[in-house]
Amino acid sequence: MSARIVFILLNVLDLIWSMIKAHIAKIQRSKPLPEEVSDIYDKDRYQTFLDYKSDKKRIFFIRKLIQFIIDTVVILSPIFVWIEDISNKNVYVIVMITVMILMFIDEIVGIPFRYYNTFVIREKYKLNKMNLKEFVKDSIVGIITQLMVVTAVMEVFTALITEMDDFAVTYKLDYFKSFLVCLAIAAAFFVFVVIMVVIQIVSLRIQYKFTPLEEGDLRNKINALQESSKKKVKRIYVYDESKKSVSKNAFLLRFLFYREFGIADNFLNENSERELLAVLSHEIGHLKHKKNIMDYSKYIVFILFMVCFWIILAMPETVPQEFGFLEWINRSFNITVPNNYILFSMMLGIGRPVLSLFGIFGNYRQRKEEYEADQEAVKNGYGEELIATFKRMSSDELIDINPHPLMVILYHDHPTIYQRIVAIRNKDNVKR
């Protein structure tokens, strides 16, 4: 079977799965809400929520169908042959041009839908505060950031695929030398991740204006919440979410030794001080969370991967040099030089079931951490305020407060509002 057909079949399966998920969500939303969250939406507001989700679903599937058609045309076209010709068969240039062309096509298709979602759907339900200038700026920043990240990932992948096999044979690596190479790759990967995070932080700073929270009673109370935490957050900023949406959020940004609180101005202006302290108590709970062996599982997997790579480097003869996969892709797309974007996409598509298992486990661990962080707010006496914040936020932002349990297991890295409220009340007997 041609690799082109496999790509199309994978896209068909993705489209079918999206339809199944939408049907599951529709059935779940037709059920009465659990008692613990039944007061979040009155009858009219819940119908507004259902209408909003229906409008979103309609535009989502139109976008999905158009993207499927375009992807099929691209897969069946000779575009990858053209890219090979204009790149002088340089694998690094090939992957860069491929990323740029496919992202350009994706943006040409996606921008009208994002515009419609922002200025028609969200405007209709009074969720949007963004003007055209902000929309254009955010779109440009998002495109540039995504282009930089995807291109960097693909070039690193290309370097590993292209160089390491020849490197191992040319320099006759033994176990010790292979171990040093793996250490160098791990260090380079760490630096790469740091650079990617910095790019994301910079893009966030361009999209929003961050202003230090002024000295005073509120800052003192936030600092008092941190007294029992070994890790302190000294940078506390307010960002101008009100120019984009009605969202009320407060977050903790932590990376290496850098930590900061970000508080949406909507939250600061429209919620009570105790509600803000409840949410920040939750974030401080994340700082206090003690890691166990399960939390380090992703690092263990990475180490095991590097050990396998170390053995392969030291004994390249144990791996068949021509296992046919690359040749199959090249033959299917009529190319003579590997296009590692195609290879990477095929590996992701075929390996999706295995990656999904890792995702399910990772989401489970993150949901568990959210429950633990909620208990920090309860311990500080803000359980009722945290519940009140969840309820107001859900109603104001038309959040799905009780999605289907299967979808939670598969995709949610946070517990549902219903689950969090139940957990808070069970733990501390918070009364309504």
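Asn-88 is exposed, because its relative accessibility is 70%; here buried means under 20% relative accessible area, exposed over 50% and partly exposed in between, with a 1.4 Å probe and protein chains only. The model is predicted: local features need pLDDT of at least 70, side-chain atom pairs count only at pLDDT 80 or more, and totals for chains, interfaces and linings use all residues. Residues are numbered from 1 along each chain as its sequence is written, and side-chain values use heavy atoms, with hydrogens and water left out.

Asn-88 belongs to the loop between helix H3 (79-86) and helix H4 (91-124), where helices (H or I, at least four residues) and strands (E, at least two) are DSSP runs numbered from the N terminus. Most residues other than glycine have a negative phi. Asn-88, although not a glycine, has a positive phi of about 60°. Lys-89 is found in the loop between H3 and H4, and its phi is positive, near 60°. With a relative accessible area of 45%, Lys-89 is partly exposed.

Strand E4 (residues 258-264) is largely enclosed by the rest of the structure, because six of its seven residues are buried. Strand E2 (residues 235-239) pairs with E4 in the parallel sense over five bridges; two strands pair if DSSP finds at least two bridges between them. Within E4, Glu-260 stands opposite Arg-235. Strand E3 (residues 250-255) pairs with E4 in the antiparallel sense over six bridges, and Gly-262 in E4 is the bridge partner of Phe-251. The hairpin of E3 and E4 has two residues between the strands, and in this hairpin Leu-256 takes a positive phi near 55°. In a regular strand the side chains alternate between the two faces of the sheet.

The structure holds 15 aromatic pairs. Rings of Phe, Tyr and Trp (its six-membered ring) pair if their centres lie within 6.5 Å; planes under 30 degrees apart count as stacked, over 60 as edge-to-face and the rest as tilted. One of the pairs is formed by Phe-119 and Phe-135, with ring centres 5.5 Å apart and planes at 70°, so this pair is edge-to-face. Phe-119 lies in helix H4 and Phe-135 in helix H5 (residues 132-170), so the pair ties together parts that are 16 residues apart in sequence. Phe-119 counts as buried at 19% relative accessibility, and Phe-135 counts as buried at 8%.

The rings of Phe-210 and Tyr-237 also form an edge-to-face pair, because their centres are 6.4 Å apart and their planes stand at 80°. This pair links distant parts of the chain, with Phe-210 in strand E1 (residues 210-212) and Tyr-237 in strand E2, 27 residues apart. Phe-210 is buried, with a relative accessible area of 13%, and Tyr-237 counts as buried at 18% relative accessibility.

Phe-210 and Tyr-237 are members of one aromatic cluster, together with Tyr-208, Tyr-239 and Phe-251. Arg-205 lies over the face of Phe-210, at 4.1 Å from the ring centre; a charge sits over a ring if NZ of Lys or CZ of Arg is within 6 Å of the ring centre and within 35 degrees of the ring normal. Arg-205 also lies over the face of Tyr-237, at 5.4 Å from the ring centre.
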